[in-house]
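Thank you for making the time this morning.

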Amino acid sequence: MNITGRKPILYGIILIVSLIAPWLMPAYQTQLAFLWVMVLFALTWDIIGGQMGYNSFGNIVFFGLGMYTTAVVQRNMHFSIEEYVHVAGRVEMLTPVQYLEGLFLGMGLGAVIAVAAAAFLGACILAMGMRGQYFGICTLGLGVAAGELANGWEYIGAGSGLVTPVFPDQLGQRGAFFYYIFFVLAIIAFVTLRKLYAGRFGLAINAIRDDEDKAEAMGIYTTRHKIVAWCISAFFLSLTGGAAGHLIGFIDPTEVAFAGSTFGVWMILMAILGGKGTLWGPVIGAVIFHITQEVFWTYLFGWQRVALGALIVAIVVFFPEGILGWVRERWPERFGYRVEKSQAVSSSGGGAL
Amino acid sequence: MSEQQLMVEGVTKRFGGVVANDKISLSVPTGSIIGLIGPNGSGKTTLFNSIVGYHPVEAGSIRFEGQELTGLRVQAIARLGLLRTFQQTRIYGKMTCVENMQISVPHSNEGLRTMFSEYPQEVTRKAESLLEFVGLYEKRYLMAGDLSFGQQKLLEFAMALMNEPKMLLLDEPTAGINPTLINGLIERLKRTNTDLGITLFVIEHNMRAIMNLAEYIYCLAHGELLTSGPPEQIQKDQQVIDAYLGAK
């Protein structure tokens, strides 16, 4: 049996559960909202880290760019900067319309800036032919540099951070509001990637992952694909960052926005845990990782980072290919990898996964 | 003799102090099958790499259908319809055979919009019929990396055909293939040439295979062009025999 037959039911169940989750567990709305942030982290990292085989340690840059841009747009639209900085954002309440205007305009502008940054960095790093570990180290430097720059720039609050405006009560509960924003974003990202991975684009970046020299020798526009892949990743990450800044309410340059040692590492781990280079892997990895992390935080307080470290080691040792990768290796037929004798031309095998 | 499709003139390539290719000149006419032989280390693969733009050459000119190739990048040369296969077989290991084929469509005239499109049915059908041509149809949904070496070699050949090249540079197509399958492969190479009209330029160590396949053969030794001629003449050439077996 192929698993494709049961997919509509599976999607339906996930959608319904996701829609009612904030009402089933009202106390956990913020954590649930962060669950979708984690899913977005893993999905966007996997575009270039998993599907394209370029291990980026610097994707957090786009998250921070989106976050700062959104917050700054929100601030500059409605307040005088000096006054705002002086009272740390608690000048006056915004009306719901003002709040939403600032939020969505900011997210939009953030996405434009992040995509432009990805295109520029891609033209500098990827077009030069930087690959493998060198690319990884280079992007690691980008993340650190972005954090340090933000740390020293007064206009965006420098080291003391930036507070986002107070969430207007008329819009309901903050946790639930952002839950649905991230939920919609994650669905859009998932559907977009699903479509891209099933077509030319997915195969081209997979080819780059498997053998870039061969891909070049076959005439594939490798540089173009690499840059666009990074831009797509940056697009969704910056939107996530824009909303996440408003959910958290306080933007610290190195702990929240350009948090390379937490978010930046987690996005990689979640993708690896679930199975990098697969569509569902990052989603599964993010859910498991987030729940485990919350459980550790609750029951192993004080040791939560140690437990997390142990989990990371266990992931790398026991699931080097990730959960989905492991499942696929054990039961390849279920994913459509089989000897096919019939003449019937069926749909594209396991490509969708 | 018909028009020269590939013209190599005075190509020199050095790696540090080692002269891998020394003023090599040769030409490949349109629609022909030309062989390139020589002992190990004589510079055959280096010459292929120079032609497809893998590394710059120190001197000389390489022209494909009148267009100068030196200075062009690998992808650009591939898109002109001059394609090479690798001695160390290269396929996309973690993709299925069909996917390997689908991504090997010609990439010339490809805009940004095609990048996000899906594959039309004809592409998949063509991929499957070419997989059938090389005898891999039943394995089309297997991961390419799980195929045996010989099968990967056949897949790489099918991928090259999928790209609809005008000329194929084949680096040891029969190496590592079961002797009983070699005859079948040579038959397919000949059909590629006659039916699809693809010019073949073949590096080969298997003398029986290359003598059977090529209509004209160039022989390299120590980075220099030793001699050239039709297979019968090359077989009897004392210089060639000396180069392979060592002169007295």
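Let me begin with Leu40 of chain A, which, once its neighbours within four places in sequence are left aside, is in contact with Phe182(A), Leu185(A), Ala186(A), Ala189(A), Phe236(A) and Thr240(A). Please bear in mind throughout that this is a predicted model. Leu40(A) is also one of the residues with the most contacts inside the largest nonpolar core, which has 172 residues, and the others named with it are Phe41(A), Ala42(A), Phe182(A), Met270(A) and Ala158(B). Helix α2 of chain A, residues 29-51, gives the most to this core, with 15 residues. As background, nonpolar side chains in soluble globular proteins tend to be buried together.

How far should we trust what we are looking at? The model scores ipTM 0.86 and pTM 0.88. Chain A averages a pLDDT of 86, with 91% of the residues scoring at least 70, and chain B has a mean pLDDT of 89, with 98% of its residues reaching 70 or more. Within chain B, the element with the lowest mean pLDDT, 78, is helix α4, residues 112-115, and the one with the highest, 94, is β8(B). The stretch I would ask you to treat with caution is residues 343-353 of chain A, where pLDDT stays under 50, although the model has 19 contacts for it beyond four places in sequence. Where pLDDT is low, the predicted coordinates should not be read in detail.

Let us turn to where the two chains meet: 32 residues of chain A are in contact with 33 residues of chain B. On the side of chain A that touches chain B, the helices α7 (174-198), α8 (200-210), α9 (212-217) and α10 (222-248) of chain A each supply at least two residues. The largest share comes from α8(A), which contributes seven residues. Sorted by class, this side of chain A has 14 nonpolar, nine polar and nine charged residues.

Now to chain B, and to its sheet. This is an open sheet of six strands in the order β6-β7-β8-β3-β9-β10 of chain B, and the pairing is mixed.

Strand β3(B) deserves a moment of its own. It runs parallel to β8(B), joined by four bridges, with Val202(B) as the bridge partner of Gly35(B). It also runs parallel to β9(B), again joined by four bridges, and there Cys219(B) is the bridge partner of Ile37(B). In a regular strand the side chains alternate between the two faces of the sheet. In β3(B) both faces are covered, with Ile33(B), Gly35(B) and Ile37(B) buried on one side and Ile34(B) and Leu36(B) buried on the other.

Ser61(B) has its place in strand β4, residues 59-64, and it counts as partly exposed because it has 14 C-beta neighbours inside 10 Å. Leaving aside neighbours within four places in sequence, Ser61(B) is in contact with Glu9(B), Glu68(B) and Thr70(B).

Which phi value does Lys23(B) have? It is near 45°, a positive value in a residue other than glycine, and Lys23(B) is found in strand β2, residues 18-29, of chain B. Glu65(B), which is not a glycine, has a positive phi of about 50°, and it lies in the loop between β4 and β5 (67-68) of chain B. With 16 C-beta neighbours inside 10 Å, Glu65(B) counts as partly exposed.

Key: Residues numbered from 1 in each chain as written. Chains lettered and ligands numbered in written order. Predicted model: local features only at pLDDT ≥ 70, side-chain atom pairs only at ≥ 80, totals over all residues. Pairing = 2+ DSSP bridges. Contact = placed C-beta atoms within 7 Å. Nonpolar A, V, L, I, M, F, W, Y, C, P; charged D, E, K, R; others polar. Core = buried A, V, L, I, M, F, W, Y, C linked by C-beta atoms within 7 Å. Buried ≥ 20, exposed ≤ 12 C-beta atoms within 10 Å, placed from the backbone. pLDDT = per-residue confidence, 0-100.
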